[in-house]
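Keep the viewer open as you read.

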2 protein chains.
Amino acid sequence: MKYGYFDDVNREYVIQTPKTPYPWINYLGGEDFFGLISNTAGGYCFYKDARFRRLTRYRYNNIPLDNGGRYFYIKDKEGYYSPTWMPVKKDLDRYECRHGMGYTKITGMKDHLETEILYMVPLGESIEIHRVKLKNTDRVVKEFTLFSFIEFCLWNAYDDMTNYQRTYSIGAVEIDNGTIYHKTDYRERRNHYSFYGVNHPVDGFDTDRDAFLGQFNGLHEPEAVIEGKSKNSVASGWNPIASHRIEIKLLPGEEKELIFILGYIENPVEEKWCAKGIINKKRAERLLEKYNSSDAVHHAFLALKEHWSQLLSKFIVQSHDEKLDRMVNIWNPYQCMTTFNMSRSASYFETGIGRGMGFRDSNQDLLGFVHQIPEKARERILDIAATQFEDGSAYHQYQPLTKKGNHEIGSGFNDDPLWLILAAIAYIKETGDFDILDAQVPYNCDPNNMGSLLEHLEKSFDYTLNNLGPHGLPLIGRADWNDCLNLNCFSVNPDESFQTCENQKGRRAESIFIAGMFVYIGKEFAGLYKRIGKEDLARRVLHEAEKMKDNVEKYGYDQEWFLRAYDFYGDKIGSAENEEGKIFIEPQGFCVMAGIGIDNGKAQMALDAVDKYLNTSYGLVLQHPAYSEYKLNLGEISSYPPGYKENAGIFCHNNPWIMIAETLLGRGDKAFEYYRKIAPAYLEEISEVHRLEPYVYAQMIAGKDALRHGEAKNSWLTGTAAWNYEAITKWILGVRPDYDGLIIDPCIPKDWDHINIKRIYRGVEYNISIKNPEGVSKGVKKVTVDHKEQTGNFIECLDEASVRNIEVIMG
Amino acid sequence: MKYGYFDDVNREYVIQTPKTPYPWINYLGGEDFFGLISNTAGGYCFYKDARFRRLTRYRYNNIPLDNGGRYFYIKDKEGYYSPTWMPVKKDLDRYECRHGMGYTKITGMKDHLETEILYMVPLGESIEIHRVKLKNTDRVVKEFTLFSFIEFCLWNAYDDMTNYQRTYSIGAVEIDNGTIYHKTDYRERRNHYSFYGVNHPVDGFDTDRDAFLGQFNGLHEPEAVIEGKSKNSVASGWNPIASHRIEIKLLPGEEKELIFILGYIENPVEEKWCAKGIINKKRAERLLEKYNSSDAVHHAFLALKEHWSQLLSKFIVQSHDEKLDRMVNIWNPYQCMTTFNMSRSASYFETGIGRGMGFRDSNQDLLGFVHQIPEKARERILDIAATQFEDGSAYHQYQPLTKKGNHEIGSGFNDDPLWLILAAIAYIKETGDFDILDAQVPYNCDPNNMGSLLEHLEKSFDYTLNNLGPHGLPLIGRADWNDCLNLNCFSVNPDESFQTCENQKGRRAESIFIAGMFVYIGKEFAGLYKRIGKEDLARRVLHEAEKMKDNVEKYGYDQEWFLRAYDFYGDKIGSAENEEGKIFIEPQGFCVMAGIGIDNGKAQMALDAVDKYLNTSYGLVLQHPAYSEYKLNLGEISSYPPGYKENAGIFCHNNPWIMIAETLLGRGDKAFEYYRKIAPAYLEEISEVHRLEPYVYAQMIAGKDALRHGEAKNSWLTGTAAWNYEAITKWILGVRPDYDGLIIDPCIPKDWDHINIKRIYRGVEYNISIKNPEGVSKGVKKVTVDHKEQTGNFIECLDEASVRNIEVIMG
């Protein structure tokens with residue numbers, strides 16, 4: 001069942017009912033200011049950091065779930081309703097929500113009054129615009145009252161929901177010329193305030209929640225709205241809100257546009273006040289003026305559209321499959337940009353108060369956005385590297401505001417360092433910016449202890465070598481990519497974290513997954529050394545990768561697939577010997593990606609086993625069979641009910657590793673089957689099963705052991721986005737940047753006969769036409785560049801042209 | 001304006017409208033299992049620890065505020081409503097809520113159907129009973145459906161509201177014979193489950209929130225209730241709830257009683273399961289059976305009442321003033337017991353996930369309950385002492401589950417150690433148990449490093465001596481009792497805590513408040529040494545106290561009052577020299593209590609200044625004038641808006657210090673004026689101003705600079721309870737335990753002519769009749785014990801009698 005449709009031309013998903021199976025959301029803003037907004041206008045916004053600079057409140061897991069946002073109420077003689085359906089939930093005659101690139105537009109029509117609200121963050125600004133268009137489509141005059149409503153968060157979102165002995169006493173506002181200023185704590189250490197204004201005279205306002213709603217009323221029944229008049233309340237402590245009241249009269253056919261601005265302002269300390277206790281509002285007033293006309297907002301909207309056109313112009317596929325096109329051209333890169341902005345911080349599943357930037361997460365996310373915003377990718381790489389320790393290990397997370405490592409979670413996730421190499425190489429291959437390798441980067445954020453980025457990468461590589469176990473395989477530490485496989489944390493206390501209670505100090509538990517990564521990344525690293533003329537180092541690295549490959553073949557392969565790990569006791573995990581958890585997905589992916597077993601059939605056997613044991617209608621489960629009991633020696637993975645999360649859920653992040661592995665075997669049909677099964681656009685028709693947005697990936701889909709197989713959880717902020725983008729663009733469509741040009745090596749379903757790709761790479765537009773006259777999956781028979789045939793499928797990057805036309809004939 | 005009345009005979013506060021100015025709550029349970037319940041059945045319950053063993057969910061600061069609890073719905077042909085008003089909010093024909101000692105009874109009548117719900121935790125059990133009495137007072141037969149509803153918290157209340165990527169996947173239940181078992185995480189490290197059952201066959205049930213409510217519905221409009229039928233849903237992940245449906249038919253006049261049990265069970269690991277995946281329910285079944293009859297519940301209720309009669313029998317006053325009597329005899333000791341149970345953890349202002357037990361808090365709380373439960377007071381003293389360091393300093397907080405010091409907050413609040421002496425002495429004076437001084441107690445919870453409690457007390461005393469500043473006054477450290485006076489933490493970063501950012505390492509900032517405490521407690525400590533025959537040590541301690549007294553007189557007195565502190569730069573705080581914060585309340589209280597300046601008029605001047613500058617209609621503000629700007633050298637105190645919290649709010653905790661000080665000057669009218677101004681029973685008539693419960697103290701009442709002067713915040717969990725109990729019983733009514741008997745030394749308003757007090761002390765009942773024929777405030781002229789006149793007002797404790805009659809003539 002569908003709840004809307006894709007409007008590919010406008011790059012929008014159009015939702016046609018407020019009653020989606022779960023709130024379907026979008027993100028506003030892409031620089032310093034961000035908003036989350038659902039299809040019924042729920043959500044919140046913040047400046048840079050969702051914990052420390054939260055502008056508006058949001059209650060996670062509320063009843064009903066999505067209750068709180070930027071709401072409007074329309075009140076007339078007949079009663080009142082919300083043009084975004086929530087929170088009043090009165091039926092609308094027409095409803096439509098368009099989630100676009102960085103904006104959301106919700107239309108609500110009732111009794112011939114059409115309301116269209118555009119929510120957006122203009123480029124370069126720290127404000128949300130709420131443009132309300134009201135149109136009387138009736139034949140009679142309409143008189144009604146419009147109320148706005150937002151609830152301020154008292155900045156620190158964690159304190160805001162826990163520290164009531166403080167927060168109930170500090171709330172403070174000013175009201176000036178119809179604009180409501182939120183200045184809680186501004187008198188002390190905060191030099192920032194927020195404001196909510198409108199480009200129209202107001203007939204009333206409220207800033208105290210109880211006054212506006214009434215003490216016992218929900219958001220669906222504000223007293224002020226029911227009575228049709230504001231209380232003009234001035235908040236003093238308790239819960240400050242902002243609500244404007246505007247009386248409106250529309251002649252038949254008349255249209256009116258109101259522009260509400262919700263903004264964040266930082267003042268220099270010396271300019272905080274205009275009089276004692278009165279905040280300096282100049283910066284806010286300037287913004288209110290700048291966007292006080294329809295024209296100004298319209299231009300800002302066009303600029304935002306154009307910005308996204310640019311961002312999305314780097315890779316455009318045109319195929320026979322519109323679902324593929326919309327994933328690759330629009331929604332997958334859009335989601336990748338969101339993971340760049342948010343890491344795992346703020347979504348409808350991540351509350352914005354918990355995790356910082358993950359070392360591993362951010363390096364992987366980078367694969368998905370480096371071609372869109374290479375300069376920011378560069379900055380991100382250097383930020384991440386700066387949290388690395390001198391021995392090559394790394395803080396597992398760091399805080400976005402301070403960019404410092406997070407002590408509470410600490411280090412010891414032994415895959416972390418290797419991801420940095422992968423990210424750095426992806427960046428260099430995209431940009432050709434080898435200079436980044438010479439950039440001086442601190443260790444553990446200590447400016448007195450610096451090393452070049454290249455040195456950081458060497459230390460990353462050596463960290464694995466310095467931490468090998470009894471089989472010469474990498475020690476797993478607290479956990480590798482699978483945070484829930486905790487082989488050194490035997491936890492019996494439910495009040496402690498599975499990851500931080502590391503209590504088995506032996507150096508025995510080994511990860512075949514990290515071994516695969518090491519080989520894969522080692523080969524890449526050797527290539528980099530070679531390219532920069534360090535042949536000796538290249539040989540050394542390659543030699544170590546080869547040694548590791550041998551160890552994997554010797555100790556890391558079961559009968560038909562790669563093992564997952566050795567546990568604390570040296571026993572196998574992910575082996576046919578085990579009763580449960582016989583086969584895991586991760587090592588099958590990365591070991592084959594690393595080329596292990598391709599020449600001797602082991603790789604194919606492993607991937608066939610994946611198909612046989614892990615494949616379901618909704619994607620590949622993480623392992624099989626699910627653990628039915630808690631295992632002290634395995635940790636959190638066995639704590640989940642069967643079919644959920646790492647315990648045999650479809651953990652989408654690792655599915656693309658299998659897709660990539662399949663392309664290395666040339667099995668394009670399999671690769672694409674796996675792609676299609678979890679790509680959201682392909683799931684649109686089963687939205688009642690999948691439940692989450694059909695335009696973005698979710699972290700997990702319930703596996704075959706779960707009661708609701710196919711139901712997704714945790715959409716938006718997941719490494720799934722980057723890796724699927726990697727799989728589809730570089731390995732299935734097969735357009736891969738290399739140090740000095742593009743490799744074109746598709747691996748597609750046999751029945752695809754033609755694909756066109758536009759790729760902008762280092763300033764040059766490559767128009768690539770791929771033809772598959774013989775119905776093969778893989779193999780390039782002929783390549784012409786600007787009508788000149790060349791040998792091989794490597795397109796060297798020469799800078800004399802701005803457009804190149806490439807024709808690729810498969811066969 | 002009143003919203004109810006005191007029923008003193010039943011020891012209940014009777015609320016007559018659901019629309020109280022704020023949720024007015026009560027506590028259920030007194031041992032391991034606790035519930036918070038509002039007058040409309042909102043709230044939640046937990047086992048031992050409100051963070052780690054939360055049974056049911058509660059959303060703080062929800063909209064409307066108090067939305068979530070143990071709810072019932074009644075549905076008939078006409079519609080549906082809640083007999084506790086919330087959450088449906090349909091008007092009832094009659095409503096009454098009786099908050100009693102450890103139970104709450106809510107009556108709701110609609111259309112001649114009377115519903116009375118008794119909520120209680122029986123003694124010795126970890127269950128809540130919800131006894132629902134239904135009575136048809138109509139002349140026709142009534143047929144209707146009763147729905148129950150609670151929402152399970154997934155145990156860890158913090159994870160429950162932040163970690164949705166886990167919590168949405170783990171929810172699990174079993175339904176067996178009408179009982180709903182909540183077993184989330186039981187398959188792994190948890191050996192506990194909860195259950196919700198009823199002593200009646202059920203006609204349907206729900207365990208999945210969305211199924212019961214409908215995805216878009218609030219608690220006021222459950223789909224199952226609207227449709228009149230349960231969905232018989234089985235939760236798998238997401239949000240497990242428990243709801244029963246029971247069809248009921250009542251003849252005219254017929255009454256029916258249903259007993260719902262919400263319980264917590266811990267199973268030994270080896271008895272967790274009765275079959276694979278099926279929890280062992282024996283313990284729950286035993287409890288369901290034990291309380292399946294009206295008789296059983298009735299007896300449990302009577303036992304609870306009797307338990308409280310016993311607890312409250314230790315001090316009973318009978319005066320001309322019923323408000324005084326109900327405070328002293330019922331509500332103040334009841335609140336003291338709650339602060340014993342909860343410390344500052346779980347109330348409608350404290351979320352239960354934050355603070356542990358405070359070192360300073362718990363020592364002070366003890367003053368209020370030591371006479372009720374001396375054996376638990378003993379245990380508490382030893383627990384607290386065990387978190388002390390060997391140098392006498394102390395963790396500021398410790399965790400109730402582990403009883404270990406809290407590293408995050410750490411140490412350095414320099415008043416902390418001294419409170420331990422006060423608590424230990426109060427305990428010994430109540431019980432005569434000098435043996436406690438020999439109890440071996442660890443330092444910093446290290447069993448290999450022990451010392452006697454007396455040694456701990458010595459170290460507490462010496463800690464102050466070892467930390468003196470330039471004027472020989474105690475260094476303040478991070479803060480003293482006033483957590484918000486942060487003289488060594490110059491904070492400009494709004495994202496850090498004012499207390500933990502200690503960044504000025506000088507040893508200059510001194511506290512005159514700690515100096516006063518030191519003298520007060522030093523004298524007491526000397527008394528203890530003397531009593532146990534250690535005259536040398538007594539002399540040493542007294543000598544140090546005298547030296548400190550001199551230093552206070554020399555450097556700690558301004559022109560008319562005691563200074564508050566010297567700041568980091570050595571400048572005065574709380575001086576007439578200052579523009580704001582000229583006079584603080586705390587040192588006036590404790591220095592006079594210590595006897596400083598009583599002999600030379602300085603004390604009287606100081607208290608007169610308190611009256612002149614700090615006294616308001618609603619109590620004494622903390623300081624004057626309020627800080628109008630943030631002061632880097634003062635910290636959090638200046639961050640609050642004027643009139644709130646420490647910035648010139650009426651911080652009730654310190655008001656009784658002034659009451660006690662006034663009694664030392666013999667000014668009974670003043671002492672009682674201050675008592676009356678903040679004692680909740682006296683504020684009942686102005687509940688619309690005070691807003692919080694008229695039966696318990698709040699931490700703060702907004703001061704004269706605030707917009708809503710007189711409005712209270714943060715009721716229940718405050719040291720205010722213990723100190724007011726101390727002030728009224730020991731200093732105003734003047735019955736004070738000493739090491740070997742009772743001192744009777746009232747200080748009362750001149751127009752009181754007669755008071756009777758029953759005091760049970762060390763097993764003896766003292767019936768004390770105090771007469772004031774000459775209308776004095778202080779002074780005892782004649783004392784007779786069992787009709788024999790004696791010299792002096794000290795009643796020696798002799799153990800031959802079980803009852804003694806004391807007559808005291810003032811004059």
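What follows starts with the ground rules, then moves to helices and salt bridges.

This is a predicted model, where local features need pLDDT of at least 70, side-chain atom pairs count only at pLDDT 80 or more, and totals for chains, interfaces and linings use all residues. Residues are numbered from 1 along each chain as written, chains are lettered from A and ligands numbered from 1 in the order written, and side-chain values use heavy atoms, leaving out hydrogens and water.

Take helix H12 of chain A, residues 512-531 (helices are DSSP runs of H or I with at least four residues, strands runs of E with at least two, numbered from the N terminus). Its 20 residues should span 28 Å, and the end C-alpha atoms sit 29 Å apart, which agrees; the expected span is 1.5 Å times one less than the number of residues. Because 15 of the 20 residues are buried, H12(A) is largely enclosed by the rest of the structure (buried is under 20% relative accessible area, exposed over 50%, partly exposed in between, with a 1.4 Å probe and protein chains only). Just after H12(A), Gly533(A) has a positive phi of about 80°.

Now the charges: there are 124 salt bridges over all chains, each a side-chain nitrogen of Lys or Arg within 4 Å of a carboxyl oxygen of Asp or Glu. Arg98(A) and Glu12(A) form one at 2.4 Å, N to O. That pair links strands S9 and S2 of chain A, 86 residues apart, and both Arg98(A) and Glu12(A) are buried.
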